[in-house]
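Biologist: I am new to this one. Please show me the structure, and then let us talk it through.

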Amino acid sequence: MAAPLLAELPYHADSNALFETIADLPWAVFLDGGQHHPAQSRYDILSAQPYVRLITRGNLTEIHADAIELAREDPFVLLRRYLEFDAQCGQSDIGLPFCGGAIGYFGYDLARRLERLPAIAEDAERIPDMAIGIYDWAVVVDHSERKSWLIGQGRDPDTDIRWDSLVRRFSVPSPEKRRAPFRITSPVVSNMTREAYGRAFRRIHDYIRNGDCYQVNLAQRFAAAAAGDPWLAYQALRVINPAPFSAYLSTPYAQILSASPERFLKVQGGCVETRPIKGTRPRAGHPRLDAELIEQLRASEKDRAENVMIVDLLRNDLSKNCAVGSVRVPKLFDVESFATVHHLVSTVTGKLKPGCDALDLLRGCFPGGSITGAPKLRAMQIIEELEPHRRGVYCGAIGYIGFDGSMDTNIAIRTLVSSRGEIRFWAGGGIVADSKLEDEYQETFDKAAAMLKLLQQSAVSQREA
């Protein structure tokens with residue numbers, strides 16, 4: 001295998017300009033730290049032109065490499081085969097978190113490869129359950145050290161050929177291109193009326209009373225006709241709602257615009273971390289009122305109980321692939337504030353046991369328990385029954401898995417999907433025994449606030465044009 005390539009690039013405090021230079025290349029990806037929090041948002045990762053692509057639909061995975069193949073094997077097994085983990089891969093002396101590997105999305109409905117679920121909800125998304133590229137080169141921006149690096153592994157022979165042109169491309173970013181303004185061309189419509197949401201809510205309460213489950217995440221889906229360039233919409237979204245686990249993915253099937261505040265799974269040096277969110281209050285827009293809401297959230301017995309349910313679920317999920325006794329909860333009920341909401345966040349950690357890797361962990365925990373409910377399988381069955389549409393990317397995971405076995409993924413919430421002249425997003429929350437219908441229904445709009453604002457601005461721009 002060829003020696004890794006490394007070049008230092010000019011640093012930009014905002015990686016937007018760097019991504020602009022590759023936004024139109026095939027399978028361009030931008031894992032965007034959002035400059036939200038130093039501990040969570042230190043790095044941005046950008047790449048394009050993957051030399052292998054894995055696209056899973058149902059029981060089949062298309063593998064685009066030297067030729068196109070179809071495989072029925074477990075998608076996680078196939079991905080491991082093409083990653084060929086090498087713990088020595090990368091440039092440890094400068095400590096980059098990603099030195100090449102897999103980037104993309106694992107859609108919520110990929111869970112159908114792992115669990116027996118009914119087929120009731122409409123598959124209106126019609127996009128792959130998984131779309132992953134294997135990237136040989138990447139730009140990694142370190143906002144703490146104020147340095148940017150271009151790194152390549154040489155697993156793809158084309159990297160060596162492209163290297164000098166890549167260095168030039170990122171050293172002197174090209175001017176912004178003229179792009180079709182993003183605009184909304186229809187009203188934003190939910191797939192649930194207030195009455196339909198109420199019926200689903202009451203059905204969940206029936207299930208809880210009958211002992212089927214303790215908690216179920218119920219979401220509504222919003223959609224509008226759209227035109228123009230989704231990359232421009234993402235640029236606006238990251239200003240409206242900066243978040244530490246944001247991402248923009250451009251695939252042939254859809255553009256994914258994610259402003260997620262939630263880490264799903266991180267693996268670094270065999271150490272595991274997940275940071276589930278359960279508990280929400282809207283931002284008040286005034287320091288005193290916000291402080292009151294934060295204390296109200298921190299003291300809420302309902303929200304704390306809901307959070308603990310999911311922490312316990314994730315402790316169990318992590319234990320499948322972590323060493324006995326290594327799973328810990330170092331932080332419980334932290335409150336973190338974002339552009340439109342305050343969230344109750346806990347941290348669960350562990351240590352991978354010998355013989356297990358990041359893909360074992362991801363498979364064993366997928367999809368994240370914070371967006372299903374508990375127990376997970378029964379909650380997912382109820383979600384399939386009560387939500388009119390399949391979730392697609394929403395509540396799946398977006399992120400990277402490196403050649404060195406490292407991983408960082410989000411829970412794909414606060415995420416928009418643009419395809420076929422339409423843009424869609426979802427918002428939901430966990431329903432428990434003492435949930436109140438009006439509060440839960442309003443919470444979906446609190447969580448949707450930034451995305452609704454984005455679409456409202458796009459609609460206003462359309463009227464003014």
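Modeller: Strand 15 (residues 255–260) and strand 24 run antiparallel, joined by four bridges. Two strands pair if DSSP finds at least two bridges between them. This is a predicted model: local features need pLDDT of at least 70, side-chain atom pairs count only at pLDDT 80 or more, and totals for chains, interfaces and linings use all residues. Residues are numbered from 1 along each chain as its sequence is written, and side-chain values use heavy atoms, without hydrogens and water.

Biologist: Which residue of strand 24 is the bridge partner of Ile256?

Modeller: Look where strand 15 joins strand 24 through four bridges. There, Ile256 has as its bridge partner Val417.

Biologist: Which residue in the turn between strand 24 and strand 25 has a positive phi?

Modeller: Strand 24 and strand 25 (residues 422–431) pair antiparallel over four bridges. They form a hairpin with two residues between them. The positive phi, about 50°, belongs to Arg420.

Biologist: How do helix 2 and helix 8 run relative to each other?

Modeller: Helix 2 (residues 75–83) and helix 8 (residues 358–365) pack at about 165°, with axes 10 Å apart. Angles over 145 degrees count as roughly antiparallel. Helix 2 and helix 8 are therefore roughly antiparallel.

Conventions:
Axes fitted to C-alpha atoms, helices over the stretch in contact; angles between N-to-C directions. Parallel < 35°, antiparallel > 145°, perpendicular 65-115°, else oblique.
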